[in-house]
Structures are given as structure tokens and as C-alpha cells.
Amino acid sequence: MILQALKAYYDRKAADPDSGIAPLGWERKEIPYLFVLDRAGNLVNIEDTQEIVGKKPRAKTFLVPQAVKRTVGIEPYFLWDNVEYVTGILCKETGKPERVAQQHAAFLERLHPYRDLPPVHAVLTFLSAPNLAETLDRFPAWQKAKEGCAFMAFRFVDASGLIFEEDCIRTVVNQMASASATPTIIDLVTGEREALAKLHPAIKGIVGANTTGANIVTFNLPAFSSFGKEQGANAPVSVTSAFAYTTALNTLLGKDSRQKLVIGDATTVFWSEQSDALEDTLLTWLDDPPKDNPDALVESVRTLLTSPQTGVGAFSEDTTRFYVLGLAPNAARIAIRFWQIGTVAEIAGRFREYFTDLQICHGPKEKEHLPLKWLLVSTAAQGKFDNITPNLAGDVMRSILSGLPFPKTLLNALLQRIKADHAISYPRAKLLKGFLNRQWRFANPNHERNITVSLDPENTAIGYRLGRLFAVLERIQESASPGLNATIKDKFYAAASATPVTVFGNLIRLAQHHLAKLRKEKPGLGVVLEKTMQEILTDVQDFPAHLSLEHQGLFALGYYHQRQDFFTKKNAE
């Protein structure tokens with residue numbers, strides 16, 4: 001089903017002349033440098049196509065013949081390749097001259113059958129010129145190309161495009177794509193009899209996978225084969241279908257793709273059966289907003305949440321099928337982390353539920369909604385994306401798309417970071433609220449209880465009550481002794497949230513001394529804080545020896561809610 005959906009996406013894009021997706025036998029590739037020749041094969045210039053995008057140089061993308069799959073063998077590309085293949089000149093002193101010579105000879109051999117075509121003849125004339133290395137050294141761009149062993153192609157000085165735009169070259173490339181010496185099979189994707197793809201094109205753009213590309217379908221060891229079949233014959237897919245699904249996936253994984261999200265070790269791509277607004281909107285809900293519109297996420301989510309009442313931006317009646325594919329690196333293979341199919345209305349409804357679950361009170365400088373990647377990085381040590389727990393991003397995304405509870409690993413990661421950092425930040429509070437609400441809703445569909453957006457005085461859960469109590473005790477200490485370098489949160493939070501009985505008795509006795517001081521210096525504040533503490537303790541019969549992980553989460557939320565309430569302006573009523 002995954003390959004069929006990807007092929008259908010390719011067919012949809014291929015039918016659109018403005019999509020820019022590569023046709024059969026071609027691919028879009030960044031080519032940093034071009035040999036600019038005249039029609040006689042004389043070198044006119046070496047052109048650098050790179051431009052500064054952000055802070056890094058970015059090469060221009062061209063349509064070139066599809067690259068063959070290279071491992072340890074020597075396999076040249078047609079009329080483009082890296083410096084060593086094209087020129088036979090060693091890029092690094094530590095390289096092997098004999099191998100470079102073999103690579104260049106293979107490059108020339110591939111061009112030899114087409115030597116009578118004027119463009120190919122011009123290229124062969126240029127490459128066979130005496131003292132080629134000295135000629136190349138005259139051009140400043142050559143040293144940069146050589147240092148990086150960059151990809152290079154050819155362009156004629158009187159043409160704006162590459163050599164592949166010559167009619168005779170385009171015809172040759174198309175003939176190469178349609179010619180096949182492999183046997184015909186019944187294609188598992190289309191059901192049609194077509195030529196077998198023994199090897200599928202590489203898929204690139206998966207963070208953590210091989211830089212040369214990886215595969216979803218591959219058989220490279222006898223243990224993976226059956227009935228004496230080799231390579232792609234074990235799962236027969238045609239050349240056409242293999243090209244279509246890999247090109248579609250590589251397009252979705254492209255650098256400029258707006259249908260891709262990378263968090264931790266999980267790469268997620270999404271697309272619809274037909275052109276749909278959700279394709280452009282989904283990334284807005286998950287990733288950083290654009291720099292020129294920092295409120296794009298908040299505005300888009302607000303429209304989503306109010307759409308059932310306003311009808312503006314609603315997806316509720318859209319029955320277009322929508323696909324979400326989660327991928328993870330696995331050496332030379334790509335692991336399928338999750339595969340979700342639903343209508344646009346169903347997917348939008350799941351995200352509406354997700355954003356509602358995470359809504360919680362916050363300070364005036366905090367944004368109402370945060371990208372998923374910044375929520376998850378709050379669970380990582382040192383706030384680094386590389387330290388996000390393996391599999392966590394993929395599991396959370398799958399939970400959102402399927403409407404299921406968040407994984408238990410999310411709660412564990414949150415509690416560990418809170419105890420280590422002594423901080424219940426806004427992103428962590430959002431995730432904790434979402435975790436508990438989704439867990440309770442799944443276990444109790446009647447919605448008998450849930451975590452509220454702000455302070456809930458009626459919540460009698462022991463973890464929530466003790467979290468509130470801890471916040472009040474800390475506030476009493478801060479008010480009595482302003483300017484403290486460390487409060488009870490820095491010293492006793494971990495023990496108070498896990499083993500309350502060991503610390504709360506001493507903390508309450510300590511609070512009495514602080515209250516006595518407040519009654520003299522700030523009598524009004526002292527009375528308010530003492531009454532709040534008494535109100536909380538009304539429903540606390542005793543302090544438990546241990547709190548479960550769920551109640552430790554409630555403890556953190558109770559603390560967060562109570563702290564936010566202290567700094568929230570109250571109505572005059």
C-alpha cells in the first residue's frame with residue numbers, strides 16, 4: 001500500500017507540468033560546477049553555480065540522467081559525475097591514482113557508443129586535450145571543485161541549459177530509461193507485466209541513514225532471499241514503479257520540501273491523494289513558523305480550533321485520502337516507523353484534539369501553541385535535538401495521528417528532566433497535561449475527569465494537591481526571604497514529588513517560621529498564603545510514602561498551575 005500510494009503521488013505530480021518532478025530516467029541533482037565549452041570542445045570557463053542560502057552555499061539544481069547505484073564498484077554516470085570520474089584527476093593526495101584512472105576510463109567508455117553525436121564529440125574532444133590539468137588550473141573555480149571532488153556537468157557557451165537539453169542527448173537518455181534486459185514480471189504495485197527492477201534507486205534525505213542513500217526494498221544477503229531468487233526478484237517491482245515511488249519519496253524528502261518533518265531520529269513525510277490544502281498546512285502545525293511570520297502556527301491552530309463554529313478553514317467535510325509515513329534510519333535500509341491513512345477530515349480532527357489536549361495557562365510572553373519539535377526537545381538533556389530519546393518522536397507522532405495516548409516513555413523523559421533541571425517549563429507542562437488527558441480519555445471514554453487549562457481547586461488527586469502545596473510553601477519562603485539563590489524547589493523537589501512523606505513534614509514546619517516573619521512585614525500576603533495552604537491541606541489525610549509516575553506528573557502540573565495562578569491578575573470580582 002505504501003508503494004502504491006507513493007506511485008500515485010508521482011503520477012499526480014507527473015501530470016502537472018508545473019510540478020518539476022523528474023520524468024522516467026532522470027533526476028534532479030545539485031551540480032556545483034559546470035564545464036562551459038564551445039561547440040568544438042574548447043574550454044571557455046568553469047562556472048560556479050553556488051549561491052549563499054542562509055549561511056551556507058547552495059548549488060543550483062538541474063535535471064540530469066538518473067544516477068546508477070554505486071557501492072564499491074566503478075559505475076560512471078552519463079555526461080555528469082564527480083571530478084575524478086569526469087577528468088581522471090586525483091582530488092586528494094591520499095587517493096588511489098590507479099582507481100581514479102579506472103573510473104575515468106569507465107566514464108569515457110560509457111560515452112564512446114555516442115561519439116558521433118556532436119555534443120558528445122565536443123565533450124570527448126575536451127577530455128582528450130593535451131595538458132588538461134594545466135588548462136583547468138587557470139580557472140579559480142577549479143581548485144574549489146577539486147578540493148571537494150564536486151559533481152560536474154557540461155554546458156555549451158551559447159546555451160542557457162546543460163548539455164542534456166540538446167535534443168539528441170535527451171533522446172538517448174530516454175531510450176536508456178525505456179531499454180531493459182531484465183525479465184518481465186507481474187508488478188506488485190500495478191499488477192501489470194513489466195520489466196523487473198533488480199535494484200531500486202536509492203532514497204536520500206533520511207537523517208542518520210547512509211549518505212549515499214538507503215532503501216525500503218532491498219535483498220542483499222542470501223538469508224533475505226527465497227526459492228533461489230536474487231535481489232529484486234524476491235519482491236517483483238517493475239522498473240517504472242520503482243522509479244516512480246523512489247522519485248516521489250525523494251521529492252517529499254527534498255531540502256525544500258514543505259511536506260517533511262525531522263525530529264530526533266524520525267523523519268515524517270505526508271501527502272494527499274489529490275491536491276489538498278492540508279498538504280501545505282500540516283507542516284505549519286508541527287514545525288517552526290517562517291521568520292517572516294512568527295505567528296503563523298498560532299494563527300493556523302486558532303483557525304483549526306474554531307473552524308467547527310466558524311466554518312473558516314474547516315476540513316470537517318473533506319473526504320480526500322491523506323497519507324503520513326514515518327521513517328527511521330537502519331544502516332543501508334529504511335525502517336518504517338509508522339504508516340497512517342485517513343481522510344483529511346480525520347487527520348485534521350486528530351490534530352484539533354491534540355492541540356486542545358495541550359492547552360494550558362502560560363505567561364504573557366509565551367506563545368499559545370508551540371511546534372512539536374520544540375516540545376520534544378524540552379525532554380532532552382541540555383536541550384539538544386540529538387539527545388531526544390530514540391523512537392520518542394516517531395511514537396508521539398503516531399499517537400497524534402491515531403488518537404491514542406502518548407507513549408509512557410514521554411512521561412519518563414519529562415519527569416527525569418524536571419528532576420534533573422529543577423524546572424517545570426511551559427513546554428513540559430503542555431506535554432504533561434496532554435499525556436494525562438489522553439491517557440484518561442482512552443481509559444475512560446465518558447470524560448469523567450481531565451486536567452483543566454488553569455488552576456483547578458476542585459481537583460483532589462493527591463499528586464495534584466501536593467504539587468500545589470509545594471508551590472505555596474516555596475512562595476512563602478520566597479516572600480519571607482527575597483533574593484534567595486536557591487529555594488526548596490532546588491533542594492527538595494525530587495524527594496517531594498516521589499516520596500512526599502520524607503520531606504513535607506519538615507517543609508511545613510519551616511513554613512511556619514516564614515509565615516511568622518510575613519505576618520510582621522507583609523500581613524496581607526501572609527494571611528492569603530496561609531489560607532491557601534490550609535485550603536489545600538483540607539483534602540490531604542496523610543502524606544504518601546511513594547507517588548506513582550502518573551501522580552508525579554500530576555504533582556508537576558499542580559505545582560505549575562499554582563505558580564501561574566500566583567502571577568495571574570485576578571478579576572475585581
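**Exercise 1. Which residues of the largest nonpolar core touch the most other members?**

Keep in mind that this is a predicted model.

*Solution.* 
- Start with the core itself, which has 85 residues; Trp 285 and Phe 351 are the ones touching the most other members.
- Next, look for the main contributor: helix α16 (residues 462-480) gives the most to this core, with nine residues.
- Now zoom in on Phe 351. Skip its neighbours within four places in sequence, and you find contacts with Leu 282, Trp 285, Leu 286, Leu 304, Ile 400 and Leu 401.

**Exercise 2. Work out how many residues of helix α9 (residues 277-286) are buried.**

*Solution.* 
- Go along the helix and pick out the buried ones: Leu 278, Glu 279, Thr 281, Leu 282, Leu 283, Thr 284, Trp 285 and Leu 286.
- That gives eight of ten, so α9 counts as mostly covered.
- Then check the start of α9, where Asp 276 brings a side-chain oxygen to within 2.9 Å of the backbone nitrogen of Leu 278.

**Exercise 3. Describe how α16 and helix α18 (residues 504-521) cross.**

*Solution.* 
- Two packed helices are described by the angle and the distance between their axes.
- Here the axes of α16 and α18 come within 9 Å and cross at roughly 40°.
- Angles under 35 degrees would be roughly parallel, so α16 and α18 are oblique to each other.
- For the hand, the crossing of α16 and α18 is left-handed.
- Finally, find who makes the contact: among them are Leu 466, Phe 470 and Leu 473 of α16, and Phe 504, Ile 508 and Leu 515 of α18.

How values were computed. Residues are numbered from 1 along each chain as its sequence is written. This is a predicted model: local features need pLDDT of at least 70, side-chain atom pairs count only at pLDDT 80 or more; totals for chains, interfaces and linings use all residues. Side-chain values use heavy atoms; hydrogens and water are left out. A nonpolar core is a set of buried Ala, Val, Leu, Ile, Met, Phe, Trp, Tyr and Cys residues joined through side-chain atoms within 4.5 Å. Buried means under 20% relative accessible area, exposed over 50%, partly exposed in between (1.4 Å probe, protein chains only). Helices (H or I, at least four residues) and strands (E, at least two) are DSSP runs, numbered from the N terminus. Contact means heavy atoms within 4.5 Å. A polar contact is a pair of N or O atoms within 3.5 Å; within protein, one must be able to donate a hydrogen and the other to accept it, and residues adjacent in sequence count only if both atoms are side-chain atoms. Axes are lines fitted to C-alpha atoms, for helices over the stretch in contact, and angles run from 0 to 180 degrees between N-to-C directions. Angles under 35 degrees count as roughly parallel, over 145 as roughly antiparallel, 65 to 115 as roughly perpendicular and the rest as oblique. A crossing is left-handed if the near helix is turned anticlockwise from the far one by less than a right angle, and right-handed if clockwise.
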